[in-house]
Amino acid sequence: MDYKKIVRSVLSNRNLSLPQKINNIKLRVESGDYKNSLSHPSIAKYLFKLPFFKSIEDIQIKEPFQFTGDFKKEFRWLAYIVENYFSEINSFFQLKNEFEKILITGDLENAKSKILYIESLFGVSLWSIDCRILLTDLYDGSEANWNALSKYLNIIKNSIYEFNISSSSKRAESNLSYESFLKQFQNDIDNIQASGFVKDYFVFKNFSYANYEYEFKDLSSVLYVSNIFSVIDQYLILLDSIIYNISRNAEYDKLFLSFIKNAKCLVPNDPRLTAIFNIVNHKDDSDNPSANSEYITCINSYYMGDFEKSLETSRGLLLSDPLEYELYQVYCKSLINLGLDFIPLNLSGLANSILVDTFKLFNFRKDEESCVKRLLKISLQLMNFNIGKQIFALLSEIEGQLDWNYYTGILSTSFITPKNIKFLNFHQNVESNLLKFASQESFKFYNGIEFGTNEHTDFNSKSEIQTIFACATQQFKIGNFERTIEILGRIENVIPNYYLEKKNSLIYFSYLHLGRLKEALTLFSSIYFDNNLIYRKIDYLSLFDEIKRLSDKSDFTSLIELSILFSLVVKEYDLFEVYDDFILNFGVDDLRDLDINLMIEKFGNLKTIHFLEKVATIDTLKYNTDYVSISEVEEDRIHILEQLTVANPINKQLYEKERDEIYRASSVRKVLKEVDEGRLYIDVNSLKDLQINKFQDDFKRYKEIELSSTNQTLIGFNPFNTKNWDKALVEKNETIDLYNSADYLAFKNIYLESRDNFLFSKEYGLDSCLSTRIRHGALKNHIRSVFEKLDLVSSKSKDTYINNPVWHRQLSHNPEINNLVQERLKLFSKQIDDYTIYIRDSLIQIQTEKQPEKKEGLFAYFTNDELLFRFYSEHKPFLISVDKAIEIILTNLVNYTLIHLQNDINTRFSNEISNYFQTLIESTITDLRKLELPNECQLIANLTKSSTDINQELDYLSEWFYLNTTNSSSILSIHTLLDASFHLTNRINPLFNLVPNVQLEEDFGGYSSLIFVFNILLNNVIAHSNLHPRDIVLDVIAKKSDDDKYMQITFSNNVNSKVNYALNIEKLEKVKQNWNNHDNIERSNKEGESGFDKIKRILLYEALAKTDLFDFSFENGKFSITLFFPFKKAISDASIIDN
Amino acid sequence: MRRLLIIEDDKEKIKRLLEFQGQHDIVVKESFQAGVSELKNNHKIYDFLILDMTIPLWEKGNNDLGGNYEQFGGEKVLREMKRRKLYTPTILFTMFDVFPTQDGNITFGKVDTLFKKEFSDFYIGAVLFSSEDDSWMEELSKLMGE
């Protein structure tokens, strides 16, 4: 439809407000007709009513109207607004250029005045805020920067501005490196969960160097968002978007042309417009080189090999115009070509730092690698300055990344540089614009490299080396790689690093192109181990990919370099394959036979050391099937480390550290194995001693009754009979008299009491072990951890299962399926938890005839007269002393536990319990399959995996029920005990990876049972801190008490400040008061009771380390629990056994 | 009677395989290490290898603290067989119809296709195990030419 008709119908619609009318025009009219359509006075008045914001307080969000997603529309809409202010923008640019110049040369006072002046004329903009924050950081430091940020955020209450200003502050922060900014920016972007056009805008405006795939590839999104800002920001964003597009392709050249042509006339102070015009203009009326004469002269002399002249002219130009980065480069490269050291210029501030670091950059020295970090940081601080973009472009070039950032740098100059010729690669229709420069030597030089084919006639430099490299690069570009290698092969390596880096890089990539992979690998290796030079372009991933793709690598097996290359990219089995091929080829079957001197002789020191350090590691060696356990792998690794210590003593400390780590991991593994195998532990010897004493009188009585019974039949009251009372009334049992015989009953008394002691004694009983080592957290957490690791169970909030965040996020685009999945997973979580609690509370219990409520307990020590009398009859002849009687009873109980019960429990775990879990998993999978989840959703795969994992876990758990009757008497160092505790706690709480800060002021030893004490404390931290795992800060400090009486260990952690901990404090106060009251210690066998009773019991009876002191504190939002152990001086260091 | 080597750690799958293939002479190894070791020493005596994808690295009790689980342990066994030319006809036996990887899911069918290409000298196909559906038996028999 004709735009006039649309405009007329929109404007005459009385139901629409003015903004709605404008919006209608934006959406319905073709973008080419915007200018005419928007010329109505009322529309113009609305669109142009607030170009600038006078002060921070005046900042507001201008109407952006509706997003069209159409680049042409968004571009023309914004261009229409901006064009109206070209005159003001031109004045702004004059001041902006002055500001940049004084800022970069360190005249910060003047820069401050200048920015205030700019704001007084053109208001506050994102640009001016960015500059002010940068100035503040450079002038007053980062603290002042943070204060300034805070001030802005207090006044400007808009999240888009807030994000922008906060990013400006971080970019400016002098001590925040480029890498740190990158990470923080990534986190910020992820956390705000912006999507679509807003996310595009945030990335482009705040970190334009980002290698980011914009949702709207041409940045229509960015243009749209910029409608809300002041005209200054709108223009700057518009220009940056144009440059971005031109740097990628020629698609919108025609669209940009009229705007750029107009801007070039009316905003001559924006130095970029001429260069942009020459790229987009296809009408052969581009600018000519005369405007660049001084600059071109300087560049020409450099490419003609007249380095003295280029040095002199660049020096003069730099001092008058320190904003042009290409001059810095010519100055530094001229120095290098003249073989001169750095000659400082009378530059100050950032300009001087940039010059010094650029010189270092071109020298490619490994020991001056940090110059790259500094230049990256400066390019980030100056991201909105042309020079910042140019610096980033050079860094991209040095890295071999000729992407849009590189091209953006070329366009961010005040001159037409010969590098513009590169644009002809994708803007062919503007060739004639650049032909005007064709007679200039520097342009001829670049043209020769980019588009020339004749190495003999294309270059006209006096410098032989410059000509050789130009020829080699030209031949490389046209794909004549053999010739490139030939040309460069003629040059000796005694050349400046600047050229040596180029030489080896070009040869390396030529080898890659030609498929000469062995030569590429050898060259890569010499480059990698070069101590002098840093090679930034060398991309070893391509070489790795090429070699990996080969189906037959037999040509490479003799090369140590292959393992070295692979070690930089892969590990574990992928590295093992090449390692094993090499080591076998080298004739080594057993690493113990490896002759390191022979290796050094054959491959050199550096390669051998790298191989042994980084290739022959535990993670690689463990795939060798000659080993039967990880311990054997560790032994060989330690052997290698010993050899390395001799061959490379400079790294002795590193090797010793790794060796100690291996020893420590090995100790922790042994301790954990001991812990798992010794979970069920009854100190039978102590129990025997206790019972021998206790049953002296009872046994004496038994013996007397037995003696009397030989003369007459004595009977007694058998309490077991009460159970069959009803039966007894109607039936006559012939054997009942035997069960009532007095000697049997006397023995029975001893047996039952002895058994109950074995089971329930607070010091040595089985139930205490079950409670503190299995039921208390461990079993439940182990089972739950299987499903937690796979994100299959949800957490609870006040008894209600919450949504599972992983799948909730993954299925967010499909709310209906998401809800159904969440409901099913909540049910699954409940089923898993309920059944686990059933295992703990009903199955892992002791069953005797006295505990009818534990009738499902797997530890069935139920007996009756039939069984017991048979046992009595069999053993009666051997009941000759109390010692013997007790030994017989306890041995029977131990054997019963070891043989019958363990077998029964294993069977239950591998059959009934396993089957139940399998049924839960399978029914969940069946239900979820009906929902037809998206292909990329891994939920069902994870459920399938849980099926194998839970079986493995049950298998592992069933081994806990092996009864130990001798305890490990090893004293372990506190370090090992803590490490083992952390490992154990993290293993069963996969969502909480506690990384405590450990301070051991004094090493001391303890029994392995202390691990259970520490686990209770660590589980308390997880359960009661009420914090997200990443926010938990846990300190563990072990030291000697001030009076030298105790070794004390303190667990100290922060807690959620919003939670009231009064009840916890009250409980801890009671624990402290009752610390020395052991009356209720049997409570430790009951679940749900305080973990501190369990701690007391373990310290008292197992760790033998309880003292009369216990302390806690709650200060500054941190809970601290301190345990005090008795301090006994070690007889010798060997008393602490770790390995 | 044929000789089968099974590299598998899942008790249920082992039980079902033993029930189904009980007429054959069967050796079971439960880890990458034990499995590859057996292949290195005796691969010629086996008519078939039935191989699980997710297996432990070490036999029980010999592992490291970091865990013992190799998500693509079966593929590593195949790579060792190829590298060492231990060409025993091999059938992948798994209960996963998709395998989660860092780069997204890879389906059972895709894995089978990839393995057929990569290990064409000895890999003969894959069978999807299910405890509820016995069709895997038919597929296994078919691949074994029974």
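**Loop residues.** I looked up A:Asn1116 and found it in the loop between strand 12 and strand 13 (1118-1126) of chain A. This is a predicted model, so I treat each value as computed. A:Asn1116 is not a glycine, yet its phi is positive, about 50°. Is A:Asn1116 buried or exposed? I count 6 C-beta neighbours inside 10 Å, so A:Asn1116 is exposed; the cut-off for exposed is 12 or fewer.

I then went to A:Glu932. A:Glu932 also carries a positive phi of about 50° and is not a glycine. I place A:Glu932 in the loop between helix 48 (882-929) and helix 49 (939-958) of chain A. It has 8 other C-beta atoms within 10 Å, so I note A:Glu932 as exposed.

**A sheet in chain A.** I traced an open sheet of five strands in chain A, in the order 8-10-11-13-12. Its pairing is mixed. Which strands stand at the edges? I find strand 8 (997-1000) and strand 12 (1110-1115) of chain A there. Each has a single partner strand, so one side of each lacks a neighbour in the sheet. From one strand to the next, the twist averages 15°.

Strand 10 (residues 1034-1040) and strand 11 (residues 1046-1054) of chain A run antiparallel and are joined by seven bridges. Opposite A:Val1036 I find A:Phe1051, in strand 11 of chain A.

A:Ile160 and A:Val225 are 65 residues apart in sequence. In space I read 9.6 Å, C-alpha to C-alpha. A:Ile160 belongs to helix 10 (residues 159-172) of chain A. With 18 other C-beta atoms within 10 Å, A:Ile160 is partly exposed. Buried would need 20 or more.

**The hairpin of chain B.** Strand 7 and strand 8 of chain B form a hairpin, with two residues between them. I find four bridges joining strand 7 of chain B to strand 8 of chain B, and the two run antiparallel. B:Val98 has B:Thr107, in strand 8 of chain B, as its bridge partner.

**Where the chains meet.** I find 26 residues of chain B in contact with 22 residues of chain A. Which elements of chain B supply at least two residues each to the side that touches chain A? I list helix 1 (11-20), helix 2 (32-42), helix 3 (73-84), strand 7 (98-101) and strand 8 (104-107) of chain B. Helix 2 of chain B gives the most, with four residues. By type, I divide this side of chain B into nine nonpolar, eight polar and nine charged residues.

**Confidence.** I read ipTM 0.94 and pTM 0.74 for the model. Chain B has a mean pLDDT of 89, and 95% of its residues reach 70 or more. Where in chain B is confidence lowest? I find it in strand 7 of chain B, at a mean of 78. Confidence in chain B is highest in strand 3 (residues 48-51), at 97. I note that strand 7 of chain B is also among the elements that touch chain A.

Conventions: Residues are numbered from 1 along each chain as its sequence is written. Chains are lettered from A and ligands numbered from 1 in the order in which they are written. This is a predicted model: local features need pLDDT of at least 70, side-chain atom pairs count only at pLDDT 80 or more; totals for chains, interfaces and linings use all residues. Two residues are in contact if their C-beta atoms, placed from the backbone, lie within 7 Å. Ala, Val, Leu, Ile, Met, Phe, Trp, Tyr, Cys and Pro count as nonpolar, Asp, Glu, Lys and Arg as charged, and the others, Gly among them, as polar. Two strands pair if DSSP finds at least two bridges between them. Axes are lines fitted to C-alpha atoms, for helices over the stretch in contact, and angles run from 0 to 180 degrees between N-to-C directions. pLDDT is the predictor's confidence in each residue, from 0 to 100.
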